[in-house]
Amino acid sequence: MGFYLDKSFSIDFGTKLESARSLILGVPFDSTTTAIPGSRQAPLRVREAFFQKETANLNLYDLGNLVCVPANITETGKRVEYTLREIRKKSSSPIFTLGGEHLITYWTTKILEPDILFVFDAHFDLKDQVNGEKYTHCTFLRRIIEETNIRIIVVGGRAFDDDEKLFVEKHKEQLIFTSSFEKINEICKDKKTYISVDVDVFDPVFAPGTGTPESNGLDTRQFFNIFENLNIDLLGGDVVEINPLLDDKANRTSVLAADVLFELIKKSQK
Ligand SMILES: [Mn+2]
């Protein structure tokens, strides 16, 4: 293992892959980004912020960054899938991915095979294609619904077109919109769950550093309140769409993403 992993910017937590209880993987890929690219810079910036967190009581291992192929969706996808399969041979611990763009979730869930995919996102990401391309950060959730039986829970969705709305109407069994943690806990009971957090779920006041911001989003208290009350069995997750090139001087969005990652990892070690 290791051919597609670059350890140059990984954090040394003093642990071993085989014995760690949670794993971190960076996937610096942003080639299908429709508005403003730059999320490939995020794994580095978010790690910088994460390094400041109180991780002493956590048992985690940083795998480094996947070596992506810019502008090559197919090859990058193959590498993500191959690498995750190789990691799985050595560890069954939950894997948390730092994007990069949201298409990454399509690849990671394909290998990790959760029962439930729980998505925080301003966008539905249910478009059929973007200028003819089927696999993009605007279409990934539609592909997952078409290709798998994974049940999807969406929190924070507020940006969509008529076609996406129609798709939602047709897939009400598989695709659930709710922000009630009681309902979410009920759906996730005894199921393997994967949580994907697109930082544009937050209001741009809290997360300005993202490529496709949408006003009227969640505030941090609303988000962490849902999060704290979740009682779920996590097999992995991701934090995506952070664009450090659009962030403020305090790296506000990367700091928030590091906080989200921290909470995900804590939840996986309960
Ligand atoms: Mn989004």
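The axis of a helix is a line fitted to its C-alpha atoms over the stretch in contact, and the angle between two axes runs from 0 to 180 degrees between N-to-C directions. In the predicted model examined here, helix α1 (residues 42-50) packs against helix α8 at an angle of about 70°, and the two axes are 8 Å apart. Because angles of 65 to 115 degrees count as roughly perpendicular, α1 is described as roughly perpendicular to α8. On the side of α1, the contact is formed by A42, R45, V46, A49 and F50, while α8 contributes S254, V255, A257, A258, L261 and F262. Nine of the residues in this contact of α1 with α8 are nonpolar, one is polar and one is charged.

The strands of the model form an open sheet of nine, arranged in the order β1-β3-β2-β4-β9-β8-β5-β6-β7 and with mixed pairing. Strands β1 (5-6) and β7 (175-177) are the edge strands, each pairing on one side only. Within the sheet, strand β5 (residues 116-120) and strand β8 (residues 192-198) run parallel and are joined by five bridges. In one of the pairs between strands, F120 has V197 of β8 as its bridge partner. Helix α8 (residues 252-268) also packs on the sheet, where it touches β2, β3, β4, β8 and β9 (233-240), and its direction makes about 170° with that of β9. Helix α2 (residues 73-90) lies across β1, β2 (22-27), β3 (60-66) and β4 (95-99), and runs at about 155° to β3.

An unreviewed UniProt entry places the feature "binding site" at H102, D121, H123, D125, D198 and D200. These residues span 99 residues in sequence, yet no two of their C-alpha atoms are more than 12.2 Å apart, so they gather at one spot.

A residue counts as buried if 20 or more other C-beta atoms lie within 10 Å of its own. D121 is therefore buried, with 25 other C-beta atoms within 10 Å, and H123 is buried because it has 24 C-beta neighbours inside 10 Å. When neighbours within four places in sequence are left aside, D121 is in contact with V154, G156, G157, D198, D200 and V201. With neighbours within four places again left aside, the contacts of H123 are C138, G157, A159, F160, D200 and T212.

Definitions and conventions
Residues numbered from 1 in each chain as written. Predicted model: local features only at pLDDT ≥ 70, side-chain atom pairs only at ≥ 80, totals over all residues. Pairing = 2+ DSSP bridges. Helix = DSSP H or I, 4+ residues; strand = E, 2+ residues; numbered from the N terminus. Contact = placed C-beta atoms within 7 Å. UniProt positions renumbered as here; feature names shortened; annotations may be inferred. Buried ≥ 20, exposed ≤ 12 C-beta atoms within 10 Å, placed from the backbone. Parallel < 35°, antiparallel > 145°, perpendicular 65-115°, else oblique. Nonpolar A, V, L, I, M, F, W, Y, C, P; charged D, E, K, R; others polar.
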